[in-house]
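Work through the exercises below with the structure in view, and try each task before reading its solution.

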Amino acid sequence: MYLDWILSSLSSMQEPINVPGSGTGTGTLIFGDLVQIKKQLISVISLCKERGLVHSVKWASELAFSLDPLPKNELPPPTFFTEEDAQDLDALGLAKSYFDLKEYDRAAYFLRGCCSQKAYFLYMYSRYLSGEKKKDDETVDSLGPLEKGQVRNEALRELRVELSKKHSAGELDGFALYLYGVVLRKLDLLKEAVDVFVEATHALPLHWGAWLELCNLVTNIEMLKSLSLPDCWIRDFFMAHMYTELQMIKEALQKYQSLIEAGFSKSTYIMSQIAVAYHNIRDIDQALALFNELREQDPFRVENMDTFSNLLYVRSMKPELSYLAHNLVEIDKYRVETCCVIGNYYSLRSQHEKAALYFQRALKLNPRCLGAWTLMGHEYMEMKNTSAAIQAYRHAIEVNKRDYRAWYGLGQTYEILKMPFYCLYYYRKAHQLRPNDSRMLVALGESYEKLSQHVEAKKCYWRAYSVGDVERMALLKLAKLHEQLNESDDAAQCYIIYIQDIFSCGEQLEHAEVSTALRYLGQYYFKNKLYDEASLCAQRCCDYNDAREEGKALLRQISQVRDQTESSTTDLFGPLSSNNTPIRRVSPLDLSSFTP
C-alpha cells in the first residue's frame with residue numbers, strides 16, 4: 001500500500017507519541033490504551049448523536065472504525081440517565097425527531113422548560129441553527145454569494161445573554177460551552193471564543209467539534225503555544241491538524257507518522273490529512289498517489305475531493321478530472337465538493353463562465369466554503385473581472401485569514417490594476433504565510449522592482465532561487481535587474497548559474513528564456529575579450545530564431561578581432577562583485593554537451 005511507503009519514508013522524522021490511557025496522566029501508547037480509546041470513541045459517538053452533532057459523530061466513527069472491534073464484554077455501558085434525563089425523555093425524543101428533519105423552531109418549542117443538560121443543549125442548539133438557516137436563506141435569496149450584506153443570525157445576541165448567565169454560574173457542560181464558543185465566534189468576539197473553546201476541551205476532551213473550532217481561531221504558532229490544552233490523546237490529532245493549517249508540514253507529517261505507528265494506520269482521516277499536507281507543499285505526485293488509494297478504500301467519499309481535483313487541474317489531467325466529476329455527480333451532485341470539482345473541470349476546459357457558475361452554486365450550499373471563494377476569484381481573474389475577483393478573494397480572507405492563495409490572488413489583481421503599493425501589501429501577507437514559496441518571493445521582488453526598491457528586489461529574487469525556484473524565473477529576473485542597473489558582472493554571473501541549472505535538469509525551455517541569457521553572455525564575453533566563450537554562446541544563439549542574426553553578427557565580429565587579439569584565459573567565473581546579491585563560485589560555462 002502507498003501509505004506503507006509513506007510510513008517508511010517518514011521514519012527519519014519519527015518522534016514518540018504520548019497518549020493518556022484514561023484521560024489522566026501520560027504514558028506510551030500500547031494496545032491496552034487503544035482499547036480504552038475505542039471505548040471512549042464509542043461513548044462520545046453516542047453522546048454527540050443525541051445532540052445532533054453529526055460532523056463530530058462522523059469523525060469519531062471513522063476513527064473508531066480504523067481500530068480493532070471490541071469483544072462484547074469490553075463494550076462500554078449504555079448512556080447513564082439522570083433523574084432529569086428520565087423526566088425529559090419524551091420531550092427530548094419528540095424534539096430530536098423534529099431536529100433531525102431540520103424543523104428547528106418546532107424542536108425548540110417542545111424543549112422549553114426542560115431541565116436536563118442534554119435537553120438544554122438541544123434547545124439552545126435548535127435556536128442557533130434556526131437563526132443560521134434563516135440567515136443563509138435570506139443571503140442567497142436577496143443578495144447572492146458575491147454581495148456583502150449585513151444579514152445576521154438574529155438569535156445570536158439572545159443566545160449569548162442566556163449562555164453567559166449560565167457560564168458565569170458554572171452551569172454549562174462541555175457541549176454547552178462549545179455552543180457558547182460558536183456564538184461568541186459568530187459575534188466576532190474572538191478572544192472570548194478562544195477562552196471558551198479551551199474550557200470546552202477541558203470539560204469534554206473527546207468532542208472533536210470544539211477542537212476544530214479552536215483550530216479555526218488560532219492564527220500563528222505563538223498563539224498555539226500559549227494555549228493551555230488538556231492532556232489527552234485527541235490533542236495529538238489537534239496539533240497535527242494545526243500544523244497542517246499553519247503550513248508547518250514537516251511537523252504535521254511527524255505527528256501523523258506517530259499516530260499511524262500508534263495504531264491508527266487504517267484511518268482514512270489520517271490518510272486524507274497527509275494527502276492534504278503534501279498538496280500544501282506542492283508535492284503533487286505523493287498527494288495524487290494518496291488520494292487514489294483513498295478513493296480505492298472509500299470509493300463513495302466526497303470529502304477532500306475538491307483538493308484532489310485541484311491536483312488533477314494543476315497536472316492538466318483532463319480525463320481523470322472528468323471521471324471524478326461524473327463520479328461525484330452520481331454520488332451527490334448537491335455537495336459543495338462536487339460543485340468545486342465540476343468548476344475545476346470547466347476551468348481546465350477554459351469555460352470560465354461555467355466554472356464560476358458552479359463555484360457560486362457551492363457558495364449557495366455553504367457560504368463559508370473557503371476553496372470556492374478562492375477558486376471563484378481565480379475564474380473572475382481569467383475573465384478580467386477584477387472587481388468581482390477582489391470581492392471573492394476578500395470573502396475568502398474573511399473565512400480564513402490563513403489562506404495564502406487569497407492574499408496572493410489579491411496581489412495579482414492589483415498588479416493588473418497597476419497599483420504596486422497594494423500589490424506589495426498583499427504579497428507580503430502571502431509571503432508571511434508561505435515564507436519558503438518561491439512564487440511569493442518572485443512576486444514580492446517584482447513589486448519592489450516596480451517601486452524602484454532595487455536592493456529589496458534583489459534580495460527577494462535571490463531568496464526565491466535559494467529556497468528552490470519552482471518556476472525557474474528568479475535568476476532570470478535577477479539577471480535582468482542587474483543588467484538594467486549596468487551591473488554587468490553580476491548579471492553575467494546570474495545568467496551563467498541560470499543556464500547551468502536549467503540544462504542540468506534536462507528541462508525543455510522556452511526559446512526566449514535561453515536565447516536571452518546566451519545573447520547577453522555572448523556580448524559580455526566579447527567585451528571582456530574571452531573570444532572562445534563568446535564564440536560558443538554566439539553559435540548557440542544561432543539555434544534560436546529570435547537570436548540567430550545577433551549570433552551571426554557576433555561571430556563575424558569575433559573573426560575580425562581574433563587574429564589581432566590574443567584570447568584571454570583568465571577565469572572570470574569566481575565572485576565578480578561585492579554587490580548586495582550573494583554570488584557563489586561556479587565552474588566555467590560549458591555548453592558543448594547541451595542540446596537546446
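Helices (H or I, at least four residues) and strands (E, at least two) are DSSP runs, numbered from the N terminus, while axes are lines fitted to C-alpha atoms, for helices over the stretch in contact, and angles run from 0 to 180 degrees between N-to-C directions. This is a predicted model, in which local features need pLDDT of at least 70, side-chain atom pairs count only at pLDDT 80 or more, and totals for chains, interfaces and linings use all residues. Residues are numbered from 1 along each chain as its sequence is written, and side-chain values use heavy atoms, with hydrogens and water left out.

**Exercise 1.** Describe how helix 21 packs with helix 22.

*Solution.* Start with the axes: those of helix 21 (residues 370-382) and helix 22 (residues 386-399) lie 8 Å apart, and the angle of packing is about 160 degrees. Helix 21 is therefore roughly antiparallel to helix 22, a term for angles over 145 degrees. Next comes the contact (heavy atoms within 4.5 Å), to which helix 21 gives L370, W373, T374, M376, G377, H378, Y380 and M381, while helix 22 gives A388, A389, A392, Y393, H395, A396 and V399. Finally, sort these residues by class: eleven are nonpolar, four are polar and no charged residue takes part, where Ala, Val, Leu, Ile, Met, Phe, Trp, Tyr, Cys and Pro count as nonpolar, Asp, Glu, Lys and Arg as charged, and the others, Gly among them, as polar.

**Exercise 2.** Carry out the analysis for helix 18 and helix 19.

*Solution.* The axes of helix 18 (residues 318-332) and helix 19 (residues 336-348) come within 9 Å and cross at roughly 150 degrees, which means that helix 18 is roughly antiparallel to helix 19. On helix 18 the contact is made by K318, L321, S322, L324, A325, L328, V329 and D332, and on helix 19 by T338, V341, I342, N344, Y345 and L348. By class, this contact has nine nonpolar, three polar and two charged residues.

**Exercise 3.** Summarise the whole protein.

*Solution.* The protein has 31 helices and zero strands, and 52% of its 596 residues count as buried.

Definitions and conventions
Angles under 35 degrees count as roughly parallel, over 145 as roughly antiparallel, 65 to 115 as roughly perpendicular and the rest as oblique. Buried means under 20% relative accessible area, exposed over 50%, partly exposed in between (1.4 Å probe, protein chains only).
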